[in-house]
Amino acid sequence: MNWRDYISTDPMICHGKACITGTRVMVTVILDCLADGLSAQEIVAHYPSVSEEAVQASLLYAAELAKERILPLGV
């Protein structure tokens, strides 16, 4: 799966933040839902314009971002 098929940015939509293509649902919203324990099916039920594939693409997008930057975790 290519996450670029499901995620886009547009400066005129949500201030240019990454969104599910064709919606105003930001990727951060999807990731927050997953972090809160919601399943892909539950997210789709709350956001009918989002597909399960788009939820998976959001995870892939986040994984790609994690490869680009290292955050100090502190000890």
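Predicted model: local features only at pLDDT ≥ 70, side-chain atom pairs only at ≥ 80, totals over all residues.
Take a look at the backbone here. Most residues other than glycine have a negative phi. Cysteine 14, however, has a positive phi, near 50 degrees, without being a glycine. Histidine 15 is not a glycine either, and its phi is positive as well, at about 60 degrees. The surroundings of these two neighbours are another matter. Cysteine 14 has a relative accessible area of 18%, so it is buried, since the cut-off is under 20%. Histidine 15 counts as exposed because its relative accessibility is 78%, where over 50% is required.

Let us move on to the cysteines. How many disulfides does the structure hold? It holds zero. Cysteine 19 is in no disulfide, and the nearest cysteine sulfur to its own, that of cysteine 14, lies 3.8 Å away; a disulfide would need the two sulfur atoms within 2.5 Å. Cysteine 19 counts as buried because its relative accessibility is 3%. Cysteine 33 is in no disulfide either, and its nearest cysteine sulfur, that of cysteine 19, is 14 Å away. With a relative accessibility of 13%, cysteine 33 is also buried.

Cysteine 33 brings us to helix 1, which covers residues 27-35 and whose buried residues are Val27, Ile30 and Cys33. Why do these three lie on the same side of helix 1? Because they cover an arc of only 125 degrees around the axis. Among the elements covering these buried residues are strand 1, strand 2, helix 2 (40-46) and helix 3 (52-68). After helix 1 comes glycine 37, with a positive phi near 100 degrees.

Threonine 23 is part of the loop between strand 2 and helix 1. Is threonine 23 buried or exposed? It is buried, because its relative accessible area is 11%. The side chain of threonine 23 reaches the backbone oxygen of isoleucine 20 at a distance of 2.7 Å. Setting aside neighbours within four places in sequence, threonine 23 is in contact with Ile13 and Ser49.

Key:
Residues numbered from 1 in each chain as written. Heavy atoms only, no water. Buried < 20%, exposed > 50% of the residue type's maximum accessible area, 1.4 Å probe, protein only. Helix = DSSP H or I, 4+ residues; strand = E, 2+ residues; numbered from the N terminus. Arc of directions from axis to C-beta. Contact = heavy atoms within 4.5 Å. Polar contact = N/O pair within 3.5 Å; in protein donor to acceptor, adjacent residues only side chain to side chain.
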